[in-house]
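Hi,

Here is the structure I promised to pass on. Have a look at it, and then read on for what turned up.

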Amino acid sequence: MKSVPRCAHGEHELHALLHTILDTRLLKRNDVYIRKDIADGKYAFLAPTQVIPIQVHSALEPWQVFFLRAVAAGRSMRKGIVISRAAAALHGMWTIGRAREVEVALPSGGTPSKSKRMPLVRYREATFRDDEVEVLLGVRTTTALRTFIDVARYNIFADGLVAADWLLSVRGYTTEQLKREVHRMGRFVGKATVLRCAEWATSLSDSPFESWFRAGLIERGVRGWRFQPVIGKYRPDFLFDDFLIVEIDGKSKYAEHTAAVLLRERDRERELTNMGYVFFRVYPEDVMGRLDDVLEQIDKARVARTRRPGA
């Protein structure tokens, strides 16, 4: 089932929010009222030189704030580069979970002194080729391929697989292109994990939650499942033991045209049930927060099936 990832959802609204950011370095001497409002706390600081009206800031979702902080941190630096999950936010790349720190790197490969560091910003020691950096939304950031590599090596396998699936599913990259880019970097910490993410990446994923769930199956060594198998005219998310269909249901897909969506889902499920398949539905919140419990329930259903007479 298709679920709208948070980084891709409302892209136009995100870009519209960029116009609410004020660069304090551009204020003129006669902008006394704005300066007073900033001093009076009517603006929230996204970065030392980037502010946003407090009423706008207070109405934002955490992932929207993180996106704006990534932009603000990038615009505050002269030569610094926004990387990893912050770069993913700029690209609209799939990510799961909430990142607090905006990760950046300096062209020198080092980190600034504590007195010069921005709050809620993590400085990584990293170097980049010229073709690994681009300007996006007025910010120097890593390319999509390099962003995937950094997400995978600085985080866990599931994070990297989510990013890799986005490259194949949304951007149209191939596994070979991902591997080639990894090898171009030579030796680095976490390379084995990055290559593993590239090896398992697929263009069939419709959402980051499907990718995250698949990563859980891979890491736990679960067998007997297929991803996005073709069953007649349908393609369910996961199929276990050729009988148990597991669907990752995003609540957002029901937000619009609810009746029509539910009707199609009911007809689809009835047809597959009549063909002998059993449905097990999982919400993204369950995938992210209680994956082991979900897998235990799936395992029980599989075991119960094999114990049935005539199974």
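A salt bridge here is a side-chain nitrogen of Lys or Arg within 4 Å of a carboxyl oxygen of Asp or Glu. Keep in mind that this is a predicted model. With that rule, the count comes to 26 salt bridges.

Since buried means under 20% relative accessible area and exposed means over 50%, Asp 37 at 23% is partly exposed. Lys 42, with a relative accessible area of 45%, is partly exposed too.

Next, Arg 184 and Asp 131. Their side chains form a salt bridge at 3.1 Å, N to O. Arg 184 sits in helix 8 (residues 175-184), while Asp 131 is in the loop between strand 6 (121-124) and strand 7 (133-136), so this pair ties together parts that are 53 residues apart in sequence. Both ends are partly exposed: Arg 184 has a relative accessible area of 45%, and Asp 131 comes in at 43%.

One more pair for your list: Asp 286 and Arg 290 meet through their side chains in a salt bridge of 3.2 Å, N to O. Arg 290 is partly exposed, at 31% relative accessibility.

Strand 2 (residues 43-47) and strand 3 (residues 50-53) pair in the antiparallel sense, over four bridges. The hairpin that joins strand 2 to strand 3 runs through two residues. If you want a spot to check by eye, Tyr 43 has Pro 53 in strand 3 as its bridge partner. Strand 2 is mostly covered, with four of its five residues buried.

Helix 4 (residues 62-76) is mostly covered as well: 13 of its 15 residues are buried. From its first C-alpha to its last, helix 4 reaches 21 Å, close to the 21 Å expected at 1.5 Å a residue.

That's the lot from me; over to you.

Cheers

Key:
Residues numbered from 1 in each chain as written. Predicted model: local features only at pLDDT ≥ 70, side-chain atom pairs only at ≥ 80, totals over all residues. Heavy atoms only, no water. Expected span 1.5 Å × (residues − 1). Buried < 20%, exposed > 50% of the residue type's maximum accessible area, 1.4 Å probe, protein only. Pairing = 2+ DSSP bridges.
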